[in-house]
Amino acid sequence: MQQLTILRPDDWHLHVRDGAVLADIVPETSKVFHRAVIMPNLVPPVTTVSAALEYRQRIMAAVPPQHSFQPLMALYLTQTTSVDEIRAAAANPHVIGFKLYPAGATTNSAAGVTAVNDMAPAFEAMAEHGVPLLIHGEVTESEIDIFDREKVFIDRYLRHIVAQHPQLTVILEHITTADAAQFVNEAHARVGATITPQHLLMNRNDLLVGGIRPHNFCLPVLKRRTHQEALQQAAISGSPKFFLGTDSAPHVQHKKETACGCAGCYSAPAAIELYAEFFSRMDALDKLENFASRFGAEFYGLPVNETTITLVQTPWQVPATVTAGGEPFVPYWAGETLQWRVRN
């Protein structure tokens, strides 16, 4: 039986929600990952250091005692985020940075940034105090095709942000296009990107062919195969600019299977196994450890984990549903077979 031991990975983009589901959502990540960047798009959003620390306490209360897990809190950037709040974030070791959601871009983003071009003072303060900017990179105008919104954001806003604030650390989250991969690859060393398992393993055919598949719907939406192939090459390239970020985003089953437009793939129940599936298919398992366990930590200037996990090549089926807070959730890859599994 083939097995692979790697340094314990980190998840640099994660949603764990709040309330009743939190106690069941958090252990799915903490059983494998040592650290995770926690997204702040709750209702109400997590806009202050004090709110982030309270949220962190609720997350830590849900971590099983046998798990070693550190949530790294992202704050929700708004049009009125103050320089004082940025300074406070810089001074707190539990806060990793600010998340820029263009207003209306995704789940619970209504309170996000409405005028990116007016955010220069905040970006300047973040650069000065060493606070990273995590970006959901899409425009939101209804007249712009949903498949083009990432590229338009890059051309309209991100090139300017990176050029005008060269000391600002920027992470373009969950990239989905060849345009994004090229931009990140050609940008200076302070620009990096996370890539999700769904954008590596699927393209828009997997969302739309044979009927709409709501559990494969996420934002930014899956793109055409040529974009998927560009992301795949970025992930296996060995470039330290690209690293693991699941964007695991749980939505209860009945809300995903309605016209609500709930965007997100709940990949946490099989996250590292999904990445192992991809790297194995690409004959690049030797690249998994750097992508999952080194590059993200090094990009953020944090120590690489010292403990390890072992993956065993043994086929298993992702369950059709899992339960959190007494409600059914359909995990990403539900009912399908994966070839690798973490050895307990």
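This briefing covers the cavities, side-chain contacts, cysteines and backbone features of the structure above. The model is predicted. It holds five cavities of 30 Å³ or more, eight salt bridges and eleven aromatic pairs. A search of the whole structure finds zero disulfides.

**Cavities**

**Salt bridges**

- Side chains of opposite charge can pair when their charged atoms come close.
- Among the eight salt bridges is the one between arginine 35 and aspartate 10, whose closest N and O atoms are 2.9 Å apart.
- Arginine 35 and aspartate 10 are both buried.
- Another salt bridge joins arginine 58 to aspartate 18, at 2.7 Å from N to O.
- Because arginine 58 belongs to helix H2 (residues 49-61) and aspartate 18 to the loop between S2 and helix H1 (22-30), the pair ties together parts that are 40 residues apart in sequence.
- Arginine 58 is partly exposed, at a relative accessible area of 36%, and aspartate 18 is also partly exposed, at 27%.
- A salt bridge of 2.6 Å, N to O, links aspartate 155 and lysine 151.
- Aspartate 155 and lysine 151 both belong to helix H5 (residues 149-164) and are four residues apart, about one turn of the helix.
- Aspartate 155 has a relative accessible area of 38% and is partly exposed; lysine 151 is partly exposed, with 38% relative accessibility.
- Lys151 and Asp155 are joined with Arg159 in a network of salt bridges.

**Cysteines**

- A disulfide is a covalent bond between the sulfur atoms of two cysteines.
- The search for disulfides returns zero for the whole structure.
- Cysteine 218 is in no disulfide, and the nearest cysteine sulfur to it, that of cysteine 265, is 4.4 Å away.
- The pair does not count as a disulfide because the sulfur atoms, 4.4 Å apart, would have to lie within 2.5 Å.
- Cysteine 218 is buried, with a relative accessible area of 2%, and cysteine 265 is buried at 1% relative accessibility.

- The eleven aromatic pairs include phenylalanine 243 with tyrosine 300, whose ring centres are 6.5 Å apart and whose planes stand at 65°, so the pair is edge-to-face.
- Phenylalanine 243 lies in strand S9 (residues 242-244) and tyrosine 300 in helix H12 (residues 288-300), so the contact ties together parts that are 57 residues apart in sequence.
- Both phenylalanine 243 and tyrosine 300 are buried.
- One aromatic cluster is formed by Trp12, Phe243, Phe299 and Tyr300.

**Cis peptide bonds**

- Valine 43 and proline 44 are joined by a cis peptide bond, with omega at about 0°.
- Proline 44 is placed in the loop between S3 and H2.
- Leucine 219 and proline 220 are joined by a cis peptide bond, with omega at about -5°.
- Proline 220 is in the loop between helix H8 (205-208) and helix H9 (225-236).

**Positive phi values**

- Arginine 17, a residue other than glycine, has a positive phi near 60°.
- Arginine 17 is in the loop between S2 and H1, and is buried with a relative accessible area of 14%.
- Tryptophan 333, a residue other than glycine, has a positive phi near 75°.
- Tryptophan 333 is in the loop between strand S12 (327-329) and strand S13 (337-342), and counts as buried at 11% relative accessibility.

**The loop between S2 and H1**

- Residues placed in this loop include arginine 17, aspartate 18 and alanine 20.
- Alanine 20 is exposed, with a relative accessible area of 62%, whereas arginine 17 is buried.
- From C-alpha to C-alpha, alanine 20 and tyrosine 332 are 21 Å apart in space, and they are 312 residues apart in sequence.

How values were computed:
Residues numbered from 1 in each chain as written. Predicted model: local features only at pLDDT ≥ 70, side-chain atom pairs only at ≥ 80, totals over all residues. Heavy atoms only, no water. 1 Å grid on protein atoms, 1.4 Å probe; cavity = no way out; pocket = protein on both sides within 12 Å on 5 of 7 lines; lining within 4 Å. Points joined across faces, edges and corners; volume = space filled by probe spheres on them. Salt bridge = Lys/Arg side-chain N within 4 Å of Asp/Glu carboxyl O. Buried < 20%, exposed > 50% of the residue type's maximum accessible area, 1.4 Å probe, protein only. Helix = DSSP H or I, 4+ residues; strand = E, 2+ residues; numbered from the N terminus. Phe/Tyr/Trp six-rings, centres within 6.5 Å; stacked < 30°, edge-to-face > 60°.
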